[in-house]
Amino acid sequence: MEHIKVLIVEDDPEKRSTVLNILSNVEYITLTGEAGSAEEALEMLDRAIPDVMLIGAYVPGDGYKLAEKVTGSSPWVSIIMIEEDLREETMRKAIFAGAKDMLIYPFSPSKLVDSIYRTYQLERKKQVIHRDKTSVLKKKSQKGQVITVFSTKGGVGRTFIATNLAVSLAQHTREKVVLVDLDLDFGNAALALNIIPRYTITDVVNDIRNLDHDLMESYLIPHRSGIKVLAANAQPQMAEFINAEHIEIIIKVLQSFFDYVVVDMPARFYEAIDSAFQEADLLLLVTTQDVAAIRNIKACMVSLNSLNYPRQKIKLLLNRAESRSDIKTRDVETTLNYNLYAIIPEEHKLVSSSLNKGIPVVLLYPRAKISRSFLDLTRKISGSSQEKVIEKSENAVEAVE
Ligand SMILES: Nc1ncnc2c1ncn2[C@@H]1O[C@H](COP(=O)(O)OP(=O)(O)O)[C@@H](O)[C@H]1O
Ligand SMILES: [Mg+2]
């Protein structure tokens, strides 16, 4: 069972410490915040993300008014009012404010805990019913395409390629795109897009048993370009709890309702991320035009080959390409004995300005050469899924018939 997150809003020290004492001993209940007034509670709401709010009726700013606001803005939060006596008037106020229950202080520990469990379960049930209804509409006939962006050398531009490719795909194909940050220790895709992750992959993993696409959707962060983002953990130490099976489930669930799943990878092979290779339709190996990066990719190709990784999935991408470089693009191809699938030029100024502004370069400078090179890549990738597009429309015909 997942933890129930509780936010308490109470300014009376005695009531507050009573509640805190009771809850500190209860398994499955986590306190996500304490506020002393309605104003403070509203400020906390976004950060604390409570499932249940315990609201004292007499807090500064009025507990009932606060309850009404929260019901309006965050209807998934269950509210329990703490009152001093049971009167018809207060009951009505609570009902109109959208509270789910009312406790009369002083109350026994079991009353409090029972009320939290019950209101929480009620809300979950409602969500499940809603989910059952919507899932019928959302079922996709075709699995989305998984594009894994990898390199065994850090700093070659995996995150840069993954973020801009995801945005470019969304803009030009108008299909649904999700970006997954699997650089579990150093993930910075959210940062590159200037979004603050409210949830991360750790939340998804904690809920993995119940995971379906509505629950998954609730953990994704929308970006203004239209893509959704599954962010890496805020705390790297959480990464060790994430295993290959988790990642496989996550990718498969995302594939069931996105057309493209773009995966930003760490700079090393290890077991947990193996499914991102296995599930990939395209493995974009990123290199730059220098000896160290090329050597790394060579070694990486040898490893993939020894693992019998399907060669046709592997696509080589040259990033930060410069015509002035001593190593020419031809040299990259001959050294690696592999054709380049795409070339993205070096654009120091545009890329730094895009990073500083937190806006992907393809959005900020759509006409620049670098953005056009992403458009070429997008066309190649979406073109390779043309068959899918045809299959999709055939399925649609079938569905109509
Ligand atoms: N084509 C490019 N032109 C200029 N700068 C680039 C280009 N690609 C990447 N960079 C810069 O290189 C740095 C490393 O890129 P990043 O995507 O974080 O690499 P990785 O994810 O592989 O570690 C970033 O500062 C990024 O802005
Ligand atoms: Mg990166």
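The axis of a helix is a line fitted to its C-alpha atoms over the stretch in contact, and the angle between two axes runs from 0 to 180 degrees between their N-to-C directions. The exercises below concern a predicted model.

**Exercise 1. Helix 12 and helix 13**

Determine at what angle the axes of helix 12 and helix 13 cross, and how the two helices are oriented.

*Solution.* 
Step 1. Helix 12 covers residues 291–306 and helix 13 covers residues 329–336; their axes come within 10 Å and cross at roughly 30°.
Step 2. Angles under 35 degrees count as roughly parallel. Helix 12 is therefore roughly parallel to helix 13.
Step 3. From helix 12, the contact involves Ile 294, Ile 297, Lys 298 and Met 301; from helix 13, it involves Val 332, Thr 335 and Leu 336.

**Exercise 2. Helix 2 and helix 3**

State the orientation of helix 2 and helix 3, and name the residues that make their contact.

*Solution.* 
Step 1. The axes of helix 2 (residues 38–48) and helix 3 (residues 63–73) come within 10 Å, with a crossing angle of roughly 20°.
Step 2. The limit for roughly parallel is again under 35 degrees, and helix 2 and helix 3 are therefore roughly parallel to each other.
Step 3. The crossing of helix 2 and helix 3 is right-handed.
Step 4. Helix 2 contributes Ala 38, Ala 41, Leu 42 and Leu 45 to the contact, and helix 3 contributes Lys 65, Leu 66, Lys 69 and Val 70.
Step 5. Six of the contact residues are nonpolar, none is polar and two are charged.

**Exercise 3. Backbone exceptions**

Locate Asn 194, Asn 337 and Pro 106 in the structure, and describe the backbone at each place.

*Solution.* 
Step 1. Most residues other than glycine have a negative phi, and most peptide bonds are trans.
Step 2. Asn 194 is not a glycine, yet its phi is positive, at about 60°. Asn 194 belongs to the loop between helix 7 (189–192) and helix 8 (201–206).
Step 3. Asn 194 has 14 other C-beta atoms within 10 Å, so it is partly exposed.
Step 4. Asn 337 also has a positive phi, of about 55°, without being a glycine. The loop that holds Asn 337 runs between helix 13 and strand 13 (340–345).
Step 5. The peptide bond between Tyr 105 and Pro 106 is cis, with omega about 0°. Pro 106 is in the loop between strand 5 (101–104) and helix 5 (109–138).

**Exercise 4. The surroundings of ligand 1**

Which residues are closest to ligand 1, and how many surround it?

*Solution.* 
Step 1. The shell around ligand 1 holds 16 residues, and the closest are Gly 157, Arg 158, Thr 159, Phe 160 and Val 351.
Step 2. Helix 6 (158–173), strand 12 (314–321) and helix 14 (348–357) are the elements that each give two or more residues to this shell.
Step 3. The shell comprises five nonpolar, seven polar and four charged residues.

**Exercise 5. The protein as a whole**

Describe the overall make-up of the protein in terms of its helices and strands, its extent and its buried residues.

*Solution.* 
Step 1. The protein contains 17 helices and 13 strands.
Step 2. The C-alpha trace spans about 85 × 50 × 40 Å along its principal axes.
Step 3. Of the 401 residues, 38% are buried.
Step 4. Among contacts between residues at least 6 apart in sequence, 74% join residues at least 24 apart.

Definitions and conventions
Residues numbered from 1 in each chain as written. Chains lettered and ligands numbered in written order. Predicted model: local features only at pLDDT ≥ 70, side-chain atom pairs only at ≥ 80, totals over all residues. Near = placed C-beta within 6 Å. Helix = DSSP H or I, 4+ residues; strand = E, 2+ residues; numbered from the N terminus. Nonpolar A, V, L, I, M, F, W, Y, C, P; charged D, E, K, R; others polar. Parallel < 35°, antiparallel > 145°, perpendicular 65-115°, else oblique. Contact = placed C-beta atoms within 7 Å. Buried ≥ 20, exposed ≤ 12 C-beta atoms within 10 Å, placed from the backbone. Left-handed = near helix turned anticlockwise from the far one by under 90°.
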